[in-house]
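Okay, everyone, let's get going.

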Protein chains: 2
Amino acid sequence: MNGRITVVGLGPGDAALLPPLARAALLRARAIVGYKGYIGLLEQEVLAGRQVLSTGMTGEVERCNAAIDLARSGVETVVVSSGDAGVYAMAGLVLELVEARGLAQDLDVEVVPGIPALCAAAALLGAPLMHDFAVISLSDLLTPWELILRRVAAAAGADFVLVLYNPRSGRRREHLPGALAAIAAERPETTPVGLVKRAYRPGQEVIVTSLGALDPEAVDMQSIVLVGNSATRLVAGASGPRMLTPRGYAGKYGLSGEDAPAGS
Amino acid sequence: MNGRITVVGLGPGDAALLPPLARAALLRARAIVGYKGYIGLLEQEVLAGRQVLSTGMTGEVERCNAAIDLARSGVETVVVSSGDAGVYAMAGLVLELVEARGLAQDLDVEVVPGIPALCAAAALLGAPLMHDFAVISLSDLLTPWELILRRVAAAAGADFVLVLYNPRSGRRREHLPGALAAIAAERPETTPVGLVKRAYRPGQEVIVTSLGALDPEAVDMQSIVLVGNSATRLVAGASGPRMLTPRGYAGKYGLSGEDAPAGS
C-alpha cells in the first residue's frame, strides 16, 4: 500500500452535523480536494495549513485524478463532497478512476459515511421516511430521461415515498413537472409534498405543500423534493404542518394497546 | 410551548459517527428514552446523571408515551434510535402520538438527522449508491408481505439499486429468499450483492457476493443487504472486492475527457 485517499461527505455543511470520524479524516489530511462550493463549507481550522485543490462544478474527473496523484505521492488526501459521500457523490468516481488507472492494490480508498441530504430534508419536514422510499435524481446529464421517468412511474405505482434529488436546474425546466405528472397519475393531488432548500444552511427554506399545489418555480438545484405515499399525511406542529408517513401503529396497535418491534 | 422532545438517531452507534448536534441534544437532556440495545451504545459520559427510560424491543408506544409525559412535565427529553431517527425509526411514532394526544401546540418535536444504516453499509461496501435506489424493509409486522413484494418487484423492474432493511428474523425465514427470487426474475445471478452486519460496531462483517451466491442463512436482523442494479460491478480493492454503481463517467466522459457536474 503506497497511499491513502479518504472520501468524506460533509453532510448538510454545518459543522454541527459533521461526525468526528469525518472531522478526524480532514484534520489528518495534508491535502483537501473538492468542488469550491463544498470547500467553502469547511471551517478555517480545517483548511489552515493544508493544500486545497478546488475547481468549479465541472472538473470532477480532473480533480479526482489530481487527488489520486497526490495520494500516490504519499500525501494524505481527502476528497470532499456534500451530503453522504456514497449517495450520488464522489466515492464512486474515486473508485472508478483508481481501478481504471490500475492502482487498486496501491491505494487504499476509505469512504467515511455522512448525513445524506435526504435525511437532512426529512428531519426538517417531520417524519416522511418511516416507510419504504425511492431516491431518484432528476438530472439527465449521465442518465437518459426516459429511464428516470420510468423509475419515477414505477416508484409511484408501487406506493413508495419519493425523494427527488437535483429536481431542477436552469437548463432542465421540464423535468420536474414531468416527474410530478407521472406521480399524479398514481396519487391524488392532495398527497403531501415537502420542499427543502439549503437544509441546515443559511437561507434554509422548508415548505410543506401538496402534489397539486407545488410550484415548480419555487424549486432549485439545491432543493430536495419529497413526495409522500398513499398513507402520508400532514400533522399539526407547533411551527406549522409536518409530513408523517405512519408505519401503522395507530391503526394496527392503537395508542395504548400492544406494541411492535422497531424497524431498525 | 410547554416542553420539548428531541428525537436523535445515534447512527451506527460508534461515537465517532455521532454528529455534534446529536451529542449536544443528548447532553442538554435530563431524560433519555430508548430501546435498551440503543441506550447501550451510549457512552457513560452521556448517560451519567440522566434519567434513563429503557425497555426491550417491544414497548415502543409505551416508551414514547412516557417520553411525552416527561417532556410535558418540563423535563428536557431525548428519544434515541439507531441509524437516522427519520428512517424507519422513532421520529414518526413520536409525531403520531403527540398528534393523537392533542399536544401538537404544547410540545416542540425536533428531529436531529443522523447517519442511516444504508449509508454506513454503502461506505463499507464501496460505492453502490451512486445511482437511484429503493429502500425497502422486509419486516411484515406493520406492512402486508404482498405490498413489500410488490415494491421489491417494481424496484427490480425499474433497475433501482435495492437496499433491504430488516432482511431476516427467526420468525421470517422465507421473506428474504422470496425477495431475492423476485429480484432474480429481473436481474442476472451475477448481479453484485453486499451484506453488511453490525456496521462500525464490534463484530462488523462485510461480504461482497452475488445474487446467485448469497446465502440467506448468513443474513440476520442486524444486517443490511444491498443489491446492485444492471450497471453495478465489482472493482478490485486493496482489501477485497468492492461494489461500484458507476454514474457513467467512464462511458460518457472518458477518463481524461470532459467533466460533468456533481450530482449532489
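So, the surface the copies use: 100% of the interface residues of chain B are also interface residues in chain A, so the two meet through the same surface. Contact here means heavy atoms within 4.5 Å. Each side puts in its share, with 95 residues from chain B and 95 residues from chain A.

Quick housekeeping. This is a predicted model, where local features need pLDDT of at least 70, side-chain atom pairs count only at pLDDT 80 or more, and totals for chains, interfaces and linings use all residues. Residues are numbered from 1 along each chain as its sequence is written, chains are lettered from A and ligands numbered from 1 in the order written, and side-chain values use heavy atoms, leaving out hydrogens and water.

How much area do chain B and chain A bury between them? About 8500 Å², with 59% of it on carbon and sulfur atoms. Buried area is the accessible area, with a 1.4 Å probe, that two parts lose on being put together, summed over both.

Now, charges. Six salt bridges cross the interface, counting a side-chain nitrogen of Lys or Arg within 4 Å of a carboxyl oxygen of Asp or Glu. One of them joins Glu99(A) to Arg233(B), at 2.7 Å, N to O. Then look at Arg151(A), whose charged end sits over the ring of Phe160(B), 5.7 Å from its centre.

Most residues other than glycine have a negative phi. Asn166(A), though, has a positive phi, near 45°. With 3% relative accessibility, Asn166(A) counts as buried, that is, under 20% relative accessible area with a 1.4 Å probe, protein chains only; exposed is over 50%, and partly exposed is in between. Arg198(A) isn't a glycine either, and its phi is positive too, about 50°.

Definitions and conventions. Lys NZ or Arg CZ within 6 Å of the ring centre and 35° of its normal.
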